[in-house]
Amino acid sequence: MKLLVTGGAGYVGSVCAARLVETGHRVTVVDDLSTGHADAVPDGARFVQADIAEAAPGLLAEGFDGVLHFAAKSLVAESMSDPAKYWQGNVLTSIGLLNAMRDHGTPRLVFSSTAATYGEPDQVPIVETAPTRPTNTYGASKLAIDHAITSYAKAHGLAAVSLRYFNVAGAYGPYGERHTTETHLIPIVLQVAAGTRESISLYGDDYPTPDGTCVRDYIHVLDLAEAHLLALDHATAGEHRVYNLGSGTGFSNLQVVQTCREVTGHPIPAAFAPRRPGDPATLVASAAAAQENMGWKPERTDLHTIITDAWNFTQR
């Protein structure tokens, strides 16, 4: 297929673009490089450096079989202090993309959504029918896009799949996580081992979990990429399907730090800090729907493997 990948110079987008190229698709990456990196665009993909809102109509006029939409603002704290950036950069940009797809007859869309659409869950594992009550503007903006996609699918016959990620981690060879502002636990802990950070703070040690620290579901970025390839094949005209992507297994913050120590051989000093408001004790996905309907099953669920791949990338 001829595919457009928005945000394909970022972390998840670059891994997915690489797998698309490797499996024989014709890939065009569009990214404004505000958070992405030009050297993360895989060999074999055409690269267009541009704002997606401005470039989408002209690019889609060339004729594409589908779009994988990763481009987004994604910092939770920033979304609360500067919500306009998220309503404009995420929602309005996505509406413009949907309009361009409608105007040029682009038939399928795979959207990078998030577990942040659920907010604090009533029960875990979290299923797709769980209430969506985002606790921040980032999650709210992604949920708004999901609603828009549903209406476009019904009105215009779009074949669409939204994939709600839990905690993405790991790396795929030369493609990995390198954010200017890093907020994810594993890369932050590995920064201590790499010597670019002195210590790590863990927020809260009194949660109702086995060791008192938060439990999160970590999914390897390569497993995530494979789900996108399957979603392209399973998208159905006129339908918008939503799937959670996670391993179904939770690891605590302390388990993450200890595994990082084992992988890197570094003592990684860690201290506890007060809880952050709104941090749920446990967030674990049920990925049963993705397995049943797309045949997707994560293969790299071992925390040691995930962190080893991330550490190898960090050392590059």
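Reply: The residues lining the second largest pocket divide into 6 nonpolar, 4 polar and 3 charged, where Ala, Val, Leu, Ile, Met, Phe, Trp, Tyr, Cys and Pro count as nonpolar, Asp, Glu, Lys and Arg as charged, and the others, Gly among them, as polar. This is a predicted model, in which local features need pLDDT of at least 70 and side-chain atom pairs count only at pLDDT 80 or more, while totals for chains, interfaces and linings use all residues. Residues are numbered from 1 along each chain as its sequence is written, and side-chain values use heavy atoms, with hydrogens and water left out.

A pocket is an open set of points, on a 1 Å grid over the protein atoms alone, where a 1.4 Å probe fits, with protein on both sides within 12 Å along at least five of seven lines, and lining residues have an atom within 4 Å of a point. Of the 13 residues that line the second largest pocket, Glu177, Arg178, Pro187, Phe313 and Thr314 lie nearest its centre. Helix 6 (185–194) and helix 10 (303–315) each supply at least two lining residues, and helix 6 gives the largest share, 4 residues; helices here are DSSP runs (H or I, at least four residues), numbered from the N terminus.

Turning to the whole structure, a search finds 0 disulfides, a disulfide being a pair of cysteine sulfur atoms within 2.5 Å. The sulfur of cysteine 214 is too far for a bond, because the closest cysteine sulfur, in cysteine 260, is 16 Å away. Cysteine 214 is also buried (under 20% relative accessible area, with a 1.4 Å probe and protein chains only), at 4%.

How values were computed:
Buried < 20%, exposed > 50% of the residue type's maximum accessible area, 1.4 Å probe, protein only.
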